[in-house]
Amino acid sequence: MLKVKIAGTGAFLPERCLTNDDLTQLVETSDEWIRTRTGIRKRHLLSEGQSPAEMGVAAARAALAAAGIDHPQVDLLIAATNVSEQPIPGTAPHIASGLELPGEPAFFDIKAGCAGFVYGLALASGCLATGMFQSALVVGVEAPSRFLDWQDRRTCVLFGDGAGAALVVPSDGEAGVLGVSLHGDATNLRLLRIEAGGVGLPASEATVRERLHFLKMDGKGLFRAAVPMMERATREALAQAGLTPKDIDWLIPHQANLRIIRPLAARLGVPEERVVVNIDRVANTSTASIPIALDELVRTGKLKEGQIVALTAFGAGVAYGAVILRW
Ligand code: ACO
């Protein structure tokens with residue numbers, strides 16, 4: 001098996017910004033409730049007329065530029081997203097169209113809740129390790145603002161829009177994907193769901209009237225599941241890499257809630273200053289959460305060559321997983 005690494009990262013956040021105070025104009029909430037229960041202070045949202053795939057294109061372009069490769073020959077593009085640009089075709093072809101990549105690369109979407117980017121990165125690594133593809137773009141892109149119920153304070157305060165991307169290529173040095181753990185607990189499909197709009201319950205006047213096209217969530221159920229799931233995946237991926245939690249230089253957990261991130265770090269014994277947190281500024285950007293945080297770590301110069309990074313996420317399904325990288 002060939003070793004593979006991330007050669008470049010990129011991210012994109014829409015310009016429009018909504019603070020917690022702005023949200024008090026829409027639903028009965030407060031800055032204090034949102035900050036203390038979640039850690040979120042503001043979130044970025046697409047404007048009307050802006051396309052979610054455009055965010056993916058911008059993040060992917062930034063990842064390609066960061067890789068510093070002239071005319072990179074990307075032959076696989078994976079878009080991790082939960083609600084795609086349109087029902088058919090998926091988001092990946094929209095991103096490929098915007099990027100105008102040469103050579104007609106393979107593309108497809110994956111839907112693995114907020115763990116989509118971790119799943120996509122693992123999948124891309126596997127494909128490159130076997131030699132099936134030579135270079136892959138993995139793009140996490142999500143526009144929750146388009147499927148949130150802006151009358152439901154239990155969900156609309158939690159999410160933000162954004163995209164993040166990574167270019168994955170073969171590695172001839174020490175840097176690379178060292179361990180992967182992917183799992184899914186399908187015993188409670190109702191924890192996070194959009195009930196209508198699929199072929200099980202197609203859109204109708206009744207589904208619109210009953211607000212069944214919006215995201216619904218059992219927050220407490222997800223809250224309870226999140227920490228043990230991400231801890232298990234991280235420990236398994238570390239073990240595969242021949243490492244332990246003590247070896248983690250940077251922990252990048254899915255940014256769903258600061259009250260999930262902190263206990264996870266505590267259970268793994270990772271000190272606070274080694275945990276990447278940007279939920280205060282971007283909220284939960286779903287599949288974009290991990291690559292946006294990783295890109296921030298790279299661009300601020302904090303992530304040094306040779307360091308060990310643990311990426312871990314959970315989301316609808318419940319799908320969860322972790323990837324361990326040496327940078
Ligand atoms: N503003 C003010 N009050 C609110 C708000 C709000 N925005 N939302 C809920 N409340 C109220 C509730 O109605 C409830 O009032 P009640 O006791 O009178 O009924 C009270 O606050 C407490 O609500 P809880 O649900 O008990 O609050 P909790 O501390 O559990 O926090 C939260 C809720 C933030 C949703 C938490 O459960 C959570 O983060 N869960 C995980 C969510 C998650 O990770 N989702 C995404 C995962 S997958 C993905 O990322 C796509």
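Author: What follows is a run of questions about the labels, with the values behind them.

Author: First, the ground rules: this is a predicted model, where local features need pLDDT of at least 70, side-chain atom pairs count only at pLDDT 80 or more, and totals for chains, interfaces and linings use all residues. Residues are numbered from 1 along each chain as its sequence is written, and side-chain values use heavy atoms, with hydrogens and water left out.

Reader: What makes E8 and E11 edge strands?

Author: Start with the sheet, an open one of 4 strands in the order E8-E13-E12-E11, with mixed pairing. Strand E8 (176-184) and strand E11 (250-253) each have a single partner strand, so one side of each is left without a neighbour in the sheet. Two strands pair if DSSP finds at least two bridges between them, and the strands themselves are DSSP runs (E, at least two residues; helices are H or I, at least four), numbered from the N terminus.

Reader: How do you know that E8 and E13 pair?

Author: 8 bridges join E8 to strand E13 (residues 319-326), and the cut-off is at least two, so they count as paired.

Reader: Where else does H11 pack?

Author: There is another open sheet, 5 strands in the order E1-E7-E6-E4-E5, again with mixed pairing. Its edge strands are strand E1 (4-12) and E5, each pairing on one side only. The twist in this sheet averages 15 degrees from one strand to the next. H11 packs on this sheet too, touching E1 and E7, with its direction at about 100 degrees to that of E1.

Reader: Which strands inside that sheet run antiparallel?

Author: Strand E6 (residues 136-142) and strand E7 (residues 162-170) do, joined by 7 bridges. Gly-140 has Gly-164 of E7 as its bridge partner.

Reader: Why is E4 called largely enclosed?

Author: Because 5 of the 5 residues of strand E4 (residues 76-80) are buried. Buried means under 20% relative accessible area, exposed over 50% and partly exposed in between, with a 1.4 Å probe and protein chains only. Leu-76, Ile-78 and Ala-80 are buried on one side, and Leu-77 and Ala-79 on the other, which covers both faces of E4.

Reader: Why are H8 and H9 called oblique?

Author: Helix H8 (residues 219-240) and helix H9 (residues 258-268) pack at an angle of about 40 degrees, with their axes 9 Å apart. Angles under 35 degrees count as roughly parallel, over 145 as roughly antiparallel, 65 to 115 as roughly perpendicular and the rest as oblique. The pair therefore falls in the oblique class. Residues making the contact include Phe-223 and Met-230 of H8 and Ile-260 and Leu-264 of H9.

Reader: How do you know that Cys-17 is in no disulfide?

Author: A disulfide is a pair of cysteine sulfur atoms within 2.5 Å. For Cys-17 the nearest cysteine sulfur, that of Cys-156, is 15 Å away, and the count by this rule comes to 0 disulfides.

Reader: Is Cys-17 buried, exposed or partly exposed, and what about Cys-114?

Author: Cys-17 has a relative accessible area of 32%, so it is partly exposed. Cys-114 comes out at 8%, so it is buried.

Reader: Which residues other than glycine have a positive phi?

Author: Among them are Glu-104, with phi near 50 degrees, and Ser-286, at about 55 degrees. Glu-104 sits in the loop between H4 and E5 and, at 77% relative accessibility, counts as exposed. Ser-286 lies in the loop between helix H10 (279-282) and H11, and its 4% makes it buried.

Reader: Where are there cis peptide bonds?

Author: One runs from Ile-88 to Pro-89, with omega near -5 degrees, and Pro-89 is in the loop between E4 and helix H4 (91-99). Another joins Gly-317 and Val-318, with omega about 10 degrees; Val-318 is in the loop between E12 and E13.

Conventions. Axes fitted to C-alpha atoms, helices over the stretch in contact; angles between N-to-C directions. Contact = heavy atoms within 4.5 Å.
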